Amino acid sequence: MDTKLSLNERLSYGAGNFGVNLIFGLTGAYLMYFYTDVYMIAPAVVAQLFLLARGVDAIFDPLLGLAIDRTKTRWGKHRPYLLWFAIPFALFGVAVFWAPDLTGGAKLAYIYITYTVVGLLYSCLSLPLNSMLPTLTRDVPTRNTTNAIREFMGSAATVGVGYATMPLVAWLGGADQKTGFLLCAAMLAVLTLAGIAAAFFGTRERVEPDSSPQQLTTAQSLKATRGNWPWIATMAVNLCFWIGFIGHVQSTVYYARDVAGQAEWVAPLMAMMLVVLAGTACSAYVANRIGKPATGIIGAAIAAIATAIIPLSGDFGWLMAMNAIGYFGLGLLGGLLFALMADAVDYGEWKSGFRAQGFLFAASSFGVKLGMSIGGAAGAYLLSAANYTAGAPADAAVITAIKWSHAWLPALSYVAMGASLLLFRFDPAYPRASRA
């Protein structure tokens, strides 16, 4: 059924991504800074936290995917998760930015519990929302544009949070950043609930499997991965994308303050993520003409080159321009990530006879979470190795560590991301191969 979705349903689907990405964007961009410079936690501890918590999260996602494939309710397989987990996610999104007066083991326990749980709850919302895409329509151009709207709105949330957070923290808390971050997180939590509600009430799962059982066994779900090169490629792309993106974004506050020597540049540099929206807006148009893999490789090349040369100058205009160009490249590829996975779901069904969209999206999400874990932990480990101390002037070792976090490590990951798309290929007999 090649359904042409209404604009209202496309926007409702996008609103869910907007809501989820508000808290996701806040944690991705500012949680490391909040931990090291506001809650005064050693960078080495933060690195271990990011690595271990995301590791738990990555293992959890495939299990959640299997659960989604076995879910059957009057709302469908995916939508009920939006209803069940929206409020807990919003509450823990606030809790990670609360800095209670704790010390020692109690303080460590608090950050480990809240950060791990918010990651698991994020999966409980983002995974069913992402894997819902193939159930909305089989029409590839409609799917591409629907995903582009979803990515555009999700990126808008991330960009808005990146730009507005530090001014909001100052406005809400004054000199007290602990209060400012807590109130900022609470405001975003309310908007998160509104966006998720729009997605639940405004969408409908309508695509039924061609021949696949409605509820799959674990073995049947695993069969959908065999020989599924589009799925393997997308998992690798997700891994590399998030290593680079998280490493670059979370180090922006350090780069502006300690490398450029201009803390007030944080907001405008974060605002350059707006250009992600331009790349995302172009992604479906370009992909419908030259194909998604070629579009993604071009985006990866643009992002890698622009990001790698950021340290060549400390001029404000140069930093703004290189960030803008890099983010455009990421948007060109990022706007296609879930459309790529939707193609992998269709291909897996054709090849194996089993439509395991929950498990395939979840297994690919393993790449996302592992990438976020590596990207987040790498930045914290680099600061720790350079003996970073909150509030102290940055020496040469710290500045070099920040440059690796912000530019060179992300650039290398973007090169690997583009190379991964070379694996995105179909069996010549696959009837939809020319439409990818």
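This is a predicted model: local features need pLDDT of at least 70, side-chain atom pairs count only at pLDDT 80 or more; totals for chains, interfaces and linings use all residues.
User: How many salt bridges does the structure have, and which residues are joined into one network?
Analyst: The count comes to 3 salt bridges. Arg 257 pairs with Asp 37 at 2.9 Å, N to O, and Arg 257 also forms a salt bridge with Asp 258, with the closest N and O atoms 3.0 Å apart. Lys 292 pairs with Asp 343.

User: How many residues apart are Asp 37 and Arg 257, and which helices are they in?
Analyst: Their side chains meet in a salt bridge, and that pair links distant parts of the chain. Asp 37 is in helix α1 (residues 7-38), Arg 257 is in helix α10 (residues 252-259), and the separation is 220 residues.

User: Is Arg 257 buried, partly exposed or exposed?
Analyst: Buried needs under 20% relative accessible area and exposed needs over 50%. Asp 37 and Asp 258 each sit at 15%, so both count as buried. Arg 257 has 27%, so Arg 257 is partly exposed.

User: Where do Lys 292 and Asp 343 lie, and how many residues apart are they in sequence?
Analyst: The closest N and O atoms of this salt bridge are 2.7 Å apart. Lys 292 is buried at 1% relative accessible area, and Asp 343 is buried too, at 6%. Lys 292 lies in helix α13 (residues 292-308) and Asp 343 in helix α15 (residues 337-352), so the pair ties together parts separated by 51 residues.

User: Which residues outside its sequence neighbours does Lys 107 contact?
Analyst: Lys 107 sits in helix α4 (residues 104-131). Its relative accessibility is 17%, so Lys 107 counts as buried. Leaving aside neighbours within four places in sequence, the contacts are Tyr 39, Met 40, Ile 41 and Leu 102.

User: Which elements give two or more residues to the nonpolar patch?
Analyst: The patch covers about 700 Å² of surface, and its residues include Leu 51, Ile 59, Phe 366 and Tyr 381. The elements giving two or more residues are α2 (43-70) and α16 (357-385).

User: What is the relative accessible area of Ile 59?
Analyst: Ile 59 lies in helix α2 and is part of the nonpolar patch. Exposed means over 50%. Ile 59 is exposed, and its value is 56%.

User: How many disulfides turn up?
Analyst: Cys 124 is buried at 5% relative accessible area, and Cys 240 is buried at 10%. Searching the whole structure gives a disulfide count of 0.

Note on methods
Residues are numbered from 1 along each chain as its sequence is written. Side-chain values use heavy atoms; hydrogens and water are left out. A disulfide is a pair of cysteine sulfur atoms within 2.5 Å. Buried means under 20% relative accessible area, exposed over 50%, partly exposed in between (1.4 Å probe, protein chains only). Helices (H or I, at least four residues) and strands (E, at least two) are DSSP runs, numbered from the N terminus. Contact means heavy atoms within 4.5 Å. Patches are made of residues with over 30% relative accessible area and no salt bridge: like charges are joined within 9 Å, nonpolar side chains (Val, Leu, Ile, Met, Phe, Trp, Tyr) within 5 Å. Accessible areas come from the Shrake-Rupley method with a 1.4 Å probe; for residues, only the protein chains shown count as cover. A salt bridge is a side-chain nitrogen of Lys or Arg within 4 Å of a carboxyl oxygen of Asp or Glu.
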